[in-house]
Amino acid sequence: MAFLRLDRLINLYDGYRKTIRVDQLEVLMIQEGGEVCVVQSRCPHREFPLEKGSIKEGVITCPWHNMAFDLGTGVHLGGGCDSLKIYEPVFQGNLVGIIV
Ligand code: FES
């Protein structure tokens with residue numbers, strides 16, 4: 001298990017969205033309402049970049065076919081699509097990352 005650094009805490013703010021490639025992984029880090037979420041960067045439906053998605057009340061909606069995913073669980077609302085992979089954000093000093 002290793003800590004993968006995604007960004008510095010000082011760079012985060014509500015409305016932050018950034019697709020980050022680290023090692024073989026590409027994730028989308030989001031901050032909304034003071035909460036940091038890290039999810040797979042592409043929609044599990046047809047791999048559209050979720051950085052362009054809209055976020056409201058803990059749900060991200062992909063703009064291509066309007067599939068919506070709960071940012072807490074990754075579950076597709078309405079069923080019929082794989083869940084979004086969720087990563088637990090880890091804070092180390094002035095850094096935020098994930099453990100993989
Ligand atoms: S690619 Fe995201 S909903 Fe189809």
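This is a predicted model: local features need pLDDT of at least 70, side-chain atom pairs count only at pLDDT 80 or more; totals for chains, interfaces and linings use all residues.
A residue is called buried if 20 or more other C-beta atoms lie within 10 Å of its own, exposed if 12 or fewer do, and partly exposed in between, with the C-beta atoms placed from the backbone. Residues are numbered from 1 along each chain as its sequence is written.

In overall make-up, the protein has zero helices and 10 strands, where helices (H or I, at least four residues) and strands (E, at least two) are DSSP runs numbered from the N terminus. The radius of gyration, taken over C-alpha atoms, is 13 Å, close to the 13 Å that the globule rule (2.2 Å times the number of residues to the power 0.38) gives for 100 residues, so the protein is as compact as a globular protein of that length. Its C-alpha trace spans about 40 × 25 × 20 Å along the principal axes, and 21% of the 100 residues count as buried. Contacts, which join residues whose C-beta atoms, placed from the backbone, lie within 7 Å, can also be sorted by sequence separation: of those with a separation of 6 or more, 36% link residues 24 or more positions apart.

Strands of a sheet pair through backbone hydrogen bonds, either parallel or antiparallel. Two strands are taken to pair if DSSP finds at least two bridges between them, and on that basis four strands form an open sheet in the order S2-S3-S4-S8, with antiparallel pairing. Strand S2 (17-22) and strand S8 (86-87) stand at its edges with a single partner strand each, which is why one side of each is left without a neighbour in the sheet. Moving across this sheet from S2, six bridges join S2 to strand S3 (residues 25-32), and Thr 19 stands opposite Leu 28 in S3. Another six bridges join S3 to strand S4 (residues 35-40), with Cys 37 in S4 as the bridge partner of Ile 30. S3 and S4 form a hairpin with two residues between them, and Gly 33 in the turn has a positive phi of about 55°.

Of its 18 residues, Val 27, Leu 28, Met 29, Val 38, Val 39 and Leu 50 touch the most other members. The elements that give two or more residues to this core are S3 and S4, and S3 gives the most, with four residues. Met 29, not counting residues up to four places away in sequence, touches Leu 6, Asp 7, Lys 18, Ile 20, Val 36 and Val 38.

A further open sheet has three strands in the order S5-S6-S7, again with antiparallel pairing. Its edge strands are strand S5 (54-56) and strand S7 (68-70), each of which pairs on one side only. Neighbouring strands of this sheet are turned by 25° against each other on average, direction ignored, the axes being lines fitted to C-alpha atoms, for helices over the stretch in contact, and the angles running from 0 to 180 degrees between N-to-C directions. Three bridges join strand S6 (residues 59-61) to S7, and Ala 68 in S7 is the bridge partner of Thr 61.

Glu 47, in the loop between S4 and S5, has a positive phi of about 65° although it is not a glycine, and it counts as exposed because it has 12 C-beta neighbours inside 10 Å. Glu 57 lies in the loop between S5 and S6; its phi is near 50°, a positive value in a residue other than glycine, and with 8 other C-beta atoms within 10 Å it is exposed. Trp 64, in the loop between S6 and S7, has 15 other C-beta atoms within 10 Å and is therefore partly exposed. Not counting residues up to four places away in sequence, Trp 64 touches Cys 43, Arg 46 and Phe 48, whereas Trp 64 and Glu 35, 29 residues apart in sequence, are 25 Å apart in space, C-alpha to C-alpha.

Technical notes:
Two residues are in contact if their C-beta atoms, placed from the backbone, lie within 7 Å. A nonpolar core is a set of buried Ala, Val, Leu, Ile, Met, Phe, Trp, Tyr and Cys residues joined through C-beta atoms within 7 Å.
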